Amino acid sequence: MACSTTYLWRGETTWFCCGPAWGPCGSAGGGACGGCRSDSNHAAWPNASAACWDVTRPDLCGENMPRRGCGFVLRVRHQCTNAVVCPAIRDCGPRTQSFCGELTCCNGVCRSNRILDLTPKAFSAIGSLSAGKLPVWIYN
Amino acid sequence: MNPPIDRRRFLASAAVSGATIVGASALGALDPAAAFADPTPSLDPAIDTAAFAEGRVTQIKGSALEVAGSSGDQYILQITNGTSIWKVHPTTIDAIEVGDGLYARGVDMPDGTIAPDAVWVNIVNLHCTISAIGRDRIQLDHNNNALVGNVLTGTTTASYLGGAQTPDLSGLKIGQAVQVLGAWRPADDSVDIVTLWAGH
């Protein structure tokens, strides 16, 4: 089951580039799962594998999200606009431990900690790239 | 204030009619964030309704941008008076140059072009580590590559662990993890820093 309405997690999402790209993104590569592309609905999840978890360490911020591996499709909803996108996990990230306690808010309600990274295509489906990060709810 | 019209329908009709009033926005705002303030149709996971393009600008013909995608795709973006354009800040098509990189989101047109509601030019959002701090530039490490971040007086701001944006960069430290939202400069491969989120 994937991209359903069963609650999984909530927090901040940022965006990142992967795959064929221009500028500094040219060094990004295809992600931990391979095949990650900025022009596709793809995502990075902090618990895509045990090795991934060792890098992102969301538990250091109190986030113990379950394992969801390569190819799993998440349902991501913007907390305030309710815009939805369903990206597939193609990478490990974000590095949650580096930004413990960070907040992103809309309409006076805040979400804490970076728990998802979206490709430009996926992020732009629910918000503006110039915002950098958004508060989201995630379902699976 | 935006008039109560559907932005996507407006984009499509503007592109079809050729009503390309470059440099003005009939929807009332050039800020790309405004493109998402209107009601957005829920995206059926099986149907990808939004058109998306990425790549570098190869030619500018009036209000049409020809874009070479990084994977070899070719796009023509028809800029309309409903298109929001970002390049360091909200701007107009006049600020776009051949060689710029971009991401665009919009509506597929019957002739194969895209009518974008938002275009982000040279935008990057990079996870980096600070390697040196100067008055007008910050040396960054990105994927083990050196990257120069230009500090723009009056534009560059920092946020320390989710705090309010501030022009005060004195809290930055060498070795610190940062997320850099900015605009790539194709001419020298540096990045103009717009917002910098400082981590641990």
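This is a predicted model: local features need pLDDT of at least 70, side-chain atom pairs count only at pLDDT 80 or more; totals for chains, interfaces and linings use all residues.
Residues are numbered from 1 along each chain as its sequence is written, while chains are lettered from A and ligands numbered from 1 in the order in which they are written.

**View 1. Strand 8 of chain A and its two partners.**
Strand 8 of chain A covers residues 114–118; strands (E, at least two residues) are DSSP runs, numbered from the N terminus. Five of its five residues are buried, a term for residues with 20 or more other C-beta atoms within 10 Å of their own C-beta, placed from the backbone. Two strands pair if DSSP finds at least two bridges between them. Strand 2 (residues 42–45) of chain A pairs with strand 8 of chain A in the antiparallel sense over two bridges, whereas strand 1 of chain A pairs with strand 8 in the parallel sense over four bridges. A:Trp15 also stands opposite A:Leu118.

**View 2. The open sheet of chain A.**
Seven strands with mixed pairing form an open sheet in the order 4-3-9-1-8-2-5. Its edges are strand 4 (84–85) and strand 5 (88–92) of chain A, each of which pairs on one side only. Strand 1 (residues 7–15) and strand 9 (residues 133–139) of chain A run antiparallel and are joined by seven bridges. Within strand 9 of chain A, A:Pro135 lies opposite A:Glu12.

**View 3. A:Ala43 and the largest nonpolar core.**
A nonpolar core is a set of buried Ala, Val, Leu, Ile, Met, Phe, Trp, Tyr and Cys residues joined through C-beta atoms within 7 Å. The largest one has 79 residues, of which A:Ala43, B:Leu77, B:Ala104, B:Trp120 and B:Val180 touch the most other members. Domain 1 (7–121) and domain 2 (123–198) of chain B each contribute at least three residues to this core. Not counting residues up to four places away in sequence, A:Ala43 touches residues including A:Leu74, A:Pro87, A:Ile89, A:Leu116 and A:Leu118; contact requires C-beta atoms, placed from the backbone, within 7 Å.

**View 4. The contact between chains A and B.**
Chain B provides 42 residues and chain A 36 residues. Among the elements of chain B that each supply at least two residues to its side are strand 1 (51–61), strand 8 (123–133) and strand 13 (190–198). Strand 8 of chain B gives the most, with five residues. The side of chain B divides into 21 nonpolar, 18 polar and three charged residues; Ala, Val, Leu, Ile, Met, Phe, Trp, Tyr, Cys and Pro count as nonpolar, Asp, Glu, Lys and Arg as charged, and the others, Gly among them, as polar.

**View 5. The domain boundary of chain B.**
Domain 1 (7–121) and domain 2 (123–198) of chain B have bounds from an automatic or database domain assignment. Nine residues of domain 1 are in contact with seven residues of domain 2. Strand 4 (84–87), strand 6 and strand 7 of chain B each give two or more residues to the domain 1 side, which has five nonpolar, two polar and two charged residues.

B:Thr157 belongs to strand 11 (residues 157–160) of chain B. B:Thr157 is partly exposed because 18 other C-beta atoms lie within 10 Å, between the limits for buried (20 or more) and exposed (12 or fewer). Not counting residues up to four places away in sequence, B:Thr157 touches B:Gln165, B:Thr166, B:Pro167 and B:Thr195.

Key: Two residues are in contact if their C-beta atoms, placed from the backbone, lie within 7 Å.
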